[in-house]
Amino acid sequence: MPDAPQLAGARAVVVNWRDLDHSLAGGSERYAWEFSRALVGAGATVEFLTARDHGQASTDVRDGIVIRRGGGAITFYPWAWWQLVRRRRRLDVVIDPECGIPVFSPLIVRPRTAVVLLVHHVHMDQFATYFRPPMSWLGQWLEGWLMPRVYSSVPTYAVSESTAAEMRKRLSWRGEIGILENGSTRDGGVEREGPGDPRRVAVLGRLVPHKRVDAVVRAVAALESQIPGLRLEIIGRGPEADALRGLVVSLGVQDSVTVHGYLPQEELNSLLGACGLHVCASDVEGWGQVVIEAAGHGIPTIGRDVPGLRDSIVAGDTGWLIGSEGNKQLSVSLSEQILRSVQVLSDPSEQTRFEDSCRAWARRFTWERMHEEAVRATVSALPLPVSSTGT
């Protein structure tokens with residue numbers, strides 16, 4: 001008889017304040033969902049606790065996972081605490097991704113319940129970007145002081161080496177940090193009819209302030225006279241969408257910049273197939289999921305030398321890294337690098353080299369591999385055989 005699944009009988013909760021259908025969903029939501037799918041595949045019963053966006057049902061079932069939604073950006077936390085309290089006596093493991101602030105589940109669950117902390121990136125600077133004092137100070141205290149203490153004895157994983165380094169530097173993290181990398185839905189096998197046009201530049205991902213898409217728009221606007229036929233395709237949704245459309249109009253670049261919003265996969269593939277360059281100007285990333293998405297289409301990325309992007313871009317092979325300058329210099333640096341990159345990729349042999357390198361790099365990151373590592377991390381966190389836990 002075949003061996004029983006590694007987590008057969010285990011009762012797991014994944015707590016992530018957004019799910020895949022949330023209007024602000026991004027790479028961290030995909031990661032949390034794939035972790036949940038990995039647990040189901042290993043035999044666990046999984047509930048996904050998440051905030052409830054406008055129009056979302058309070059309960060849903062998808063991929064064998066029960067989704068329970070409640071609360072908003074702030075009220076999600078007390079709602080999630082109550083949900084954990086209700087399940088306290090029958091939980092084997094809690095997967096606790098840190099999306100700025102975790103739910104501090106070790107303070108709620110029983111000592112015999114395993115907790116796994118997942119960290120995408122350090123958010124200390126983002127609290128100042130999104131909030132004013134004293135809310136920004138509170139966020140920085142919760143992440144910078146309280147979190148390292150509450151989770152000091154919890155198995156902890158970062159999605160990249162630079163995130164782990166930032167945790168040690170910015171949060172004074174003393175415990176062991178494992179690395180559990182992202183997978184990708186683009187494994188280097190996305191076909192297109194021919195090489196994309198390097199003058200057609202893509203931006204992928206959520207449209208939020210720290211992604212600095214506005215700087216990319218300004219950079220492209222400054223290059224219009226130097227690169228005839230230059231176009232920018234912005235693909236994604238988020239609260240910055242209207243502001244970006246307004247910026248496009250104010251700069252008078254409506255003919256060369258399009259904010260597409262969300263695109264179905266077939267349309268996304270078609271549009272990316274026509275592009276030859278991708279730009280990610282984010283202040284920080286946990287990993288750079290959009291970089292691998294682009295690489296799977298054979299498209300190199302220009303990114304900043306910041307945590308996450310320096311892990312997901314192989315400088316000189318799958319893209320280019322520029323400095324981590326502030327807002328004033330960022331658009332200038334992006335303009336200069338876009339010009340250089342377009343010139344390089346205009347050489348067919350160089351474009352072929354970058355495309356081959358990108359596809360080979362993307363093939364290294366699959367959700368199947370991530371699933372295996374997620375299950376190993378969860379099994380190793382359980383203090384007792386699953387069959388003897390809980391009541």
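What follows is a run of questions and answers on this model.

Tutor: Before you start, this is a predicted model, where local features need pLDDT of at least 70, side-chain atom pairs count only at pLDDT 80 or more, and totals for chains, interfaces and linings use all residues. Residues are numbered from 1 along each chain as its sequence is written, and side-chain values use heavy atoms, with hydrogens and water left out.

Student: In what order do the strands of the open sheet of eight run?

Tutor: Helices (H or I, at least four residues) and strands (E, at least two) are DSSP runs, numbered from the N terminus. Two strands count as paired if DSSP finds at least two bridges between them. The pairing in this open sheet is mixed, and the order is β3-β4-β2-β1-β5-β6-β7-β8.

Student: Which strands stand at the edges, and what is the average twist from one strand to the next?

Tutor: β3 (59-62) and β8 each have a single partner strand, so one side of each has no neighbour in the sheet; these two are the edges. From one strand to the next, the twist averages 25°.

Student: At about what angle to β8 does α5 run?

Tutor: Axes are lines fitted to C-alpha atoms, for helices over the stretch in contact, and angles run from 0 to 180 degrees between N-to-C directions. Another helix, α2 (residues 76-86), lies across β1 (11-15), β2, β4 and β5 (93-98), at about 155° to β2. α5 lies across β6, β7 and β8, and its angle to β8 is about 165°.

Student: Which residues of α5 are buried, and what covers them?

Tutor: Buried means under 20% relative accessible area, exposed over 50%, and partly exposed in between (1.4 Å probe, protein chains only). In α5 (residues 161-170) the buried residues are S162, T163, A164, E166 and M167. Contact means heavy atoms within 4.5 Å, and the cover includes β6 (114-119), β7 (156-158), β8 (177-179) and α10 (309-312).

Student: What is the phi of S172, and where does S172 sit?

Tutor: Most residues other than glycine have a negative phi, and most peptide bonds are trans. S172 isn't a glycine, yet its phi is positive, about 55°. Its place is the loop between α5 and β8.

Student: Is R212 buried or exposed?

Tutor: R212 is in the loop between β9 and α6. R212 also has a positive phi of about 55° although it is not a glycine. Its relative accessible area is 15%, so R212 is buried.

Student: What does H210 touch?

Tutor: H210 lies in the loop between β9 (197-204) and α6 (213-223). With 4% relative accessibility, H210 counts as buried. Leaving out residues up to four places away in sequence, H210 touches Q126, Y130, S282, D283 and V284.

Student: Where is the peptide bond from P133 to P134 on the omega scale, and is it cis or trans?

Tutor: P134 is found in the loop between α3 (124-130) and α4 (135-150). Omega for the bond from P133 to P134 is near 5°, and the bond is cis.

Student: Which β-α-β units does β10 take part in?

Tutor: A crossover is right-handed if, with the strands pointing away from the viewer, the path from the first strand over the helix to the second runs clockwise. β10 pairs in the parallel sense with β9 over five bridges, and with β11 (residues 257-261) over four. The right-handed units are β9, α6 and β10, and β10, α7 (residues 241-251) and β11.

Student: How much of β10 is buried?

Tutor: β10 (residues 231-235) is largely enclosed by the rest of the structure. Its buried share is four of the five residues.

Student: How many disulfides are there?

Tutor: A disulfide is a covalent bond between the sulfur atoms of two cysteines, counted here when the sulfur atoms are within 2.5 Å. The closest cysteine sulfur to that of C99 is in C280, 17 Å away, too far for a bond. For C275 the closest is in C358, at 13 Å, also too far. By this rule the count is zero.
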